[in-house]
Amino acid sequence: MADYTNRIAIIIPANVKPDTDAIFSILDPDVGGANSFTVPLSSDGGNSITHWAAYTRMIQNSYTALTTFSNNDFKNYVDDLKPDNSVPLGTIQSFKQRVLLGAEGQDFWEFVAAQGLVPYEPEM
Amino acid sequence: MAELGQQIGQPLGMGLGLFPFAVGGAAVSIGFVQSHSELATSTTDVTVDMSGWGLLENDIVIVFVSECNAGTSSVAMVSAGWTQIGSDLYGDDTYDNTSAAYYKIMGATPDTSFTVDGRDGSSEPSAVIAYAFRGVDTVSPLDVTPTTLAAANGGNPTPPAITTVTDGCVILCHGSGSGSSMTTAPTPGANLPNNVETQTEDLGSLALGSGAAWARQSVAGTFTPDTWTGGNSSTASGRTAFTIALRPDQGATTLEQLTALTAGTNSAIWIPLSGYSDLYSDSGRTTPITAGSGDPVGAVDDLSGNGLHLLQATTSLKPDATDGLTLDGVDDNLDATFTVTGDAAFLALVKTTDTLARPLSAVATSGYPADWQNGSTSTTWSSPASDIHVDGTLFTAGVSTSDAVHDAIATGTWKTFENRVIDWSVQDGVRVGKAFNGFRQYAGAVGALVFLDLAGLGANAASALSLAQTLMAEIKATL
């Protein structure tokens, strides 16, 4: 049984999403990690999406690696999780330099608002 | 006990709206599985294929065999392990009629066929009619001694009355008549509306007609079949009939009864609260977690046995198991993808204070049984538009407001939510949590959810709804 963190708000710029999806496809202990970021955000709630967000628990070791390891050590950690699928260091750097992490258990919507972002919800 | 007698013979869409919120409601638990009839075409034994019936362990199969002859006939069950109900019935007249009835409770590996005697002679017509039911008491499947008729001077075999001693019986009647000719088979009267089977055969000098059907009896007492039509009215005709009362399983819990009733349909029972459905952290259903633990939930087992498990393969989208399923109001959701062919029903236990939410929907199509928005005067809060009940209070589509629905549900206490009839024929399953296109999420708990494939349940739909209501009430009483 894995030890999970509490929920953590994570925001990434839209142009980093492919790198992030690649990393989370490995960090996620289940098979759907590439779909982790599903909340579209923009500066005004319009459909010009600038960021994507997730509100997720993480395996405690992954969270520690993400928040405390150097880029190289984090790359090694990720690569060890899935040895047949090495993630380029550039992908790791791109993600880690731009990711915005809330505190464990922090309210998601408060964290989003604190970044000056608004969720986009399609009309229906 | 709630009176459900009015449901007999009622079209589904008409009947369901009449149900009270059935706390401790009537346990009309016996489910119909299959019916079949055919004629013997020769003196060769008749083998009936049951492999496609979806039989399960403890289902009961009842078989009636009838023959017209100028004397008694052999109407034997050839297959082993069957119990004859009473003895052969002999309607002694110029055109004799002989019938026999048998039953068998299916074992762990249900039978795939049975064989009965064919015609005694090539010109002596013979028919077999069979029914299968689920949820019948396996210790005493017959509530009381069946009543029978064996008579001369007319081939219209209206079955005799029977007086049951247990609530929730199924009354199964069979009648057979002989004659020199036969244009219309004996046909059950109006109070035997379900799964009518008839067979008729005129072989020139000897003719046979047989019919059968069943009805529910919610409260024990006397059931008198309405007069049958058809058959040969000649005073030279013999006739026979059975009236059998099947007793509902006396030892089963509400959940077991509902599970038995919904097996083999696209219905599902998800109860993530502790002690019910198994929960897993992974969508592959390999790593169990403890209900109430707060761990992410990647799978909730479907208790119906139909394999329609709720799944989520992405950890960030998984609710946790704190209080049933606890969804974060951001992106959490689980899906069960499947199709139904018509109406469906949703029954759920929810606890939330969410002011703008859609807790349930289809997976990637546009259907949803209800949502709500605090302060909204919109009267469109389900798709297709349909009524809902919250703790038994009716909210009418097109009349009640979304704000009123919010005020009823979003109180922070457990509420029972029911959409008893919604057209789900173009939808693609059930999603719990954020709708597929990002429009509306849900922050709150789902303690239990029953999805009923009303079209697939057919004649069992009303009973399944009643049982699901009882189940929700029982669970809620423990919270």
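In which strand of chain B is the place of R431(B)? In this predicted model, R431(B) belongs to strand β30 of chain B, which runs over residues 429-433.

## R431(B) and its surroundings

With a relative accessible area of 11%, R431(B) is buried, because the cut-off for that class is under 20%. Leaving out residues up to four places away in sequence, R431(B) touches N333(B), L334(B) and D335(B), then P359(B), L360(B), S361(B), A362(B) and V363(B), and also F436(B). One of these residues, L334(B), is 97 residues from R431(B) in sequence, yet the two C-alpha atoms are 5.7 Å apart in space. The side chain of R431(B) also joins that of D335(B) in a polar contact of 2.6 Å.

Apart from neighbours within four places in sequence, S37(B) is in contact with V128(B), I129(B), E197(B), T198(B) and Q199(B). Two of these contacts are polar and run between side chains: S37(B) meets E197(B) at 2.8 Å, and S37(B) meets Q199(B) at 2.9 Å.

## Salt bridges

Over all chains, a search of the whole structure finds 19 salt bridges.

| Residue | Partner | Distance, N to O |
|---|---|---|
| R119(B) | E201(B) | 3.3 Å |
| D143(B) | R247(B) | 2.7 Å |
| R420(B) | E418(B) | 2.8 Å |
| R57(A) | D320(B) | 2.8 Å |

The salt bridge between R119(B) and E201(B) links distant parts of chain B, since R119(B) sits in the loop between β7 (113-116) and β8 (126-134), whereas E201(B) sits in strand β12 (residues 194-202), 82 residues apart. Both R119(B) and E201(B) are buried.

The pair D143(B) and R247(B), whose side chains meet at 2.7 Å, likewise links distant parts of the chain, with D143(B) in the loop between β8 and β9 (147-151) and R247(B) in the loop between β15 (239-246) and α2 (254-262) of chain B, 104 residues apart. D143(B) counts as buried because its relative accessibility is 6%, and R247(B) is buried as well, with a relative accessible area of 17%.

In the pair R420(B) and E418(B), both residues are buried. Elsewhere, R7(A), R57(A), D320(B), D328(B) and D332(B) are joined into one network by salt bridges that share partners.

## The interface of chains A and B

How many residues of chain B are in contact with chain A? There are 31, and they meet 22 residues of chain A. The area buried between the two chains is about 2,000 Å², and carbon and sulfur atoms give 53% of that area. T315(B), V330(B) and F439(B) supply 25% of the area that chain B buries against chain A, more than any other three residues.

Five salt bridges are found across this interface, and one that joins the two chains is the pair R57(A) and D320(B). The count of residue pairs in polar contact between chain B and chain A, both at pLDDT 80 or more, is twelve. On the side of chain B that touches chain A, β18 (288-289) and β21 (325-328) each supply at least two residues. The residues on that side divide into eight nonpolar, 13 polar and ten charged.

## Helix α1 of chain A

Within chain A, helix α1 covers residues 17-27, and its buried residues are K17(A), T20(A), D21(A), I23(A), F24(A), I26(A) and L27(A). These buried residues pack against strands β1 (8-13) and β3 (51-56) and against helices α2 (60-68), α3 (71-81) and α4 (89-98) of chain A.

## Cysteines

The count of disulfides over all chains is zero. The sulfur of C169(B) is too far for a bond, because the closest cysteine sulfur, that of C173(B), is 12 Å away. Conversely, C173(B) is in no disulfide, its nearest cysteine sulfur being that of C169(B). C169(B) counts as buried at 0% relative accessibility, and C173(B) counts as buried at 0% too.

Definitions and conventions. Residues are numbered from 1 along each chain as its sequence is written. Chains are lettered from A and ligands numbered from 1 in the order in which they are written. This is a predicted model: local features need pLDDT of at least 70, side-chain atom pairs count only at pLDDT 80 or more; totals for chains, interfaces and linings use all residues. Side-chain values use heavy atoms; hydrogens and water are left out. Buried means under 20% relative accessible area, exposed over 50%, partly exposed in between (1.4 Å probe, protein chains only). Helices (H or I, at least four residues) and strands (E, at least two) are DSSP runs, numbered from the N terminus. Contact means heavy atoms within 4.5 Å. Buried area is the accessible area (1.4 Å probe) that two parts lose on being put together, summed over both. A salt bridge is a side-chain nitrogen of Lys or Arg within 4 Å of a carboxyl oxygen of Asp or Glu. A polar contact is a pair of N or O atoms within 3.5 Å; within protein, one must be able to donate a hydrogen and the other to accept it, and residues adjacent in sequence count only if both atoms are side-chain atoms. Ala, Val, Leu, Ile, Met, Phe, Trp, Tyr, Cys and Pro count as nonpolar, Asp, Glu, Lys and Arg as charged, and the others, Gly among them, as polar. A disulfide is a pair of cysteine sulfur atoms within 2.5 Å.
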